[in-house]
Amino acid sequence: MVNRSKKKRLFLLLLLYAAVIFLFRIWYIREINVPVIRNDEYGYWSHAAWFSGHDWSDVLSAHMNWYSYGYSLLLTPLFWFSHNLHVMYKAAIIGNGICGILSFYLCLSCARAIAPKIKTWILATVSFMVMMYSSYLTQGAIAWSETFLYLLVWLLFRLFLHFERRPDTGSALLLSLCMGACYITHNRTIGILTAYLMIVLFLRLTDTIGWKLFFSLLLPLICILFVNTDIKTYLCMVEGFGLKPKNGMGAQKEHLLSLLTPEGWQNLIHALGGQFWGLMTSTFGLLYWGLAACVSHTVRALRTKKADRHTAFYLFVLLASIGTFLISAISLIDPPSITNMHADTDLSYFFYTRYNECIIGILLLLGFWELYSCKKDRKFLLSTISAALLYAAACVLLQDSLQQVTDTWHYRPFCAAGIGFYRLFSETFSMRCCVLIAAAGFFILVLLLTFYKKHLQHLHLTAACLLLTAVFIPTGLYSAESGTILSQRGKVSCGNLAMYGQLKKVVGKQDVYCTLDDTKNYRIAYELQVNLIDTHVYSITLEDLPVLEDNYFICCSNGDLDHIDGTDYYLLAQSNAYTVLVKGDALAREIAPHTEQQLKNLNDINTP
């Protein structure tokens, strides 16, 4: 009876955690409607549109580079059931919530494997804290690949732990397939992919696995990589992206070549230092303790020449972390921007941590247990001093550079949760504020996780988890609101969405030409296409409009109206910055009964 009651309480606790994880990932679902935020979203939705029979190439291909199609496969079924982007986008956000719940249970399963002697409710509480990491909440409000990618990476780690315990052919094949799925979802996992290949080779060279398992771990992955190359080539051609250098490894050629110069290495060190500093700040030092756990287990195995049950796993996480940090730093260093500092330099070059967040979850989990298992001994003191020195070195490395940056508007708000919590206190960036908050948070964690009486350890551990969760939630939601939701509200308040709605009612099978304004703002064309799923939208310049033809619609900036000449242009809808025109008298007469207001000839409007 007692065991049954405990199981019931545990079930209710897990249900509560899952509900909270889901809730905070869809927190803003009532306020979000369509993907009007970032190019990344349009890239994923364009693949999904193509897979479902829609051709958006005339809008997206001209101004956008390649995006992986793994997440697009998840979005494709939405086009089968609805052509209303308001509904489809909300469904994608709900999908983020579901991915969050699944990631929580995978995290809990990993925690069980790593710390089997700890009670399940404690493991669940720690896993809940990990899933509430602020950047995870921020990504939940956006319909792009991040949250789905995190789920796949958690699955990869869980399958690796399962393979360690039961190294059979079935486990190897699943692990290999999952690694391939991670890569086709986002190529930034190339760091994890490299670590995977290295660890498989290491296991074979040390005779830990036989040839059968070796090939089982590699063949499915190799097949996926080859097929992925063909699919990418096909999509680049048929969707109009083309095989441009930016769509392949050529995109990083300049970055890699810059490493042949002293300035390039200086920029790389700055980028790595910025990532380390930002992630240490946002995790109160748990990033360091996660890496320390991986190093500690690996060094112990090398020293004793005897691997324990999870040595291969810790080595895999360590290599994956190092690979991901390096890929992130190399892909983001821009020699002119970092070397020639000026006031409006983008802060993202120094601590753009989004690329690293796919492996942050496991480091949070391992770091929490490493700090919790540390005693008040010489090892703990040396580790703490090492963490402080590394953090101080990163601060010194960045201090001179960041003092020259005054225009923090260029910092990308959706990554604010990944560098600290200053945005809750100030709109201007302050390294000193971030350092003080990080130091105070780490000090409290040390008190809670290492200085306690035996009979109070569960209370202290729970308090530490709740403290982190209490900080992660508001910063994550604030970052989501400032970087995402405010942009959504802006599209509504400026009247763009209402303008698209009026056009959608009458567009039928006619084409729509979206002209670029003086700022070359391509996003208006993207927004127009995703709101008119079945309509062929063209993105062109005003000079290239087919003025000799009739029966189509034009979306242009309000400033371009004076440059449009002719008697057969009629105003259909208008927002604060853009206007939709009807080209052709016949089309204007056809749609007139279905418009909300009377169509006005453009010449009549322009006449004083």
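Start by selecting helices α4 and α5, where α4 passes α5 in a right-handed crossing (the near helix is turned clockwise from the far one by less than a right angle). This is a predicted model, in which local features need pLDDT of at least 70, side-chain atom pairs count only at pLDDT 80 or more, and totals for chains, interfaces and linings use all residues. Residues are numbered from 1 along each chain as its sequence is written, and side-chain values use heavy atoms, with hydrogens and water left out.

α4 covers residues 70-81 and α5 residues 85-114; they pack at an angle of about 135°, axes 10 Å apart. Axes are lines fitted to C-alpha atoms over the stretch in contact, and angles run from 0 to 180 degrees between N-to-C directions.

Next, show side chains at the contact (heavy atoms within 4.5 Å). Y71, L75, L78 and F79 of α4 meet M88, A91, A92 and N96 of α5. By class, this contact has 7 nonpolar, 1 polar and no charged residues.

Now move to strand β1, residues 512-515. Which way do its side chains point? V512 and C514 point one way, Y513 and T515 the other, and all are buried (under 20% relative accessible area, 1.4 Å probe, protein chains only).

Note on methods
Helices (H or I, at least four residues) and strands (E, at least two) are DSSP runs, numbered from the N terminus. Ala, Val, Leu, Ile, Met, Phe, Trp, Tyr, Cys and Pro count as nonpolar, Asp, Glu, Lys and Arg as charged, and the others, Gly among them, as polar. Buried means under 20% relative accessible area, exposed over 50%, partly exposed in between (1.4 Å probe, protein chains only).
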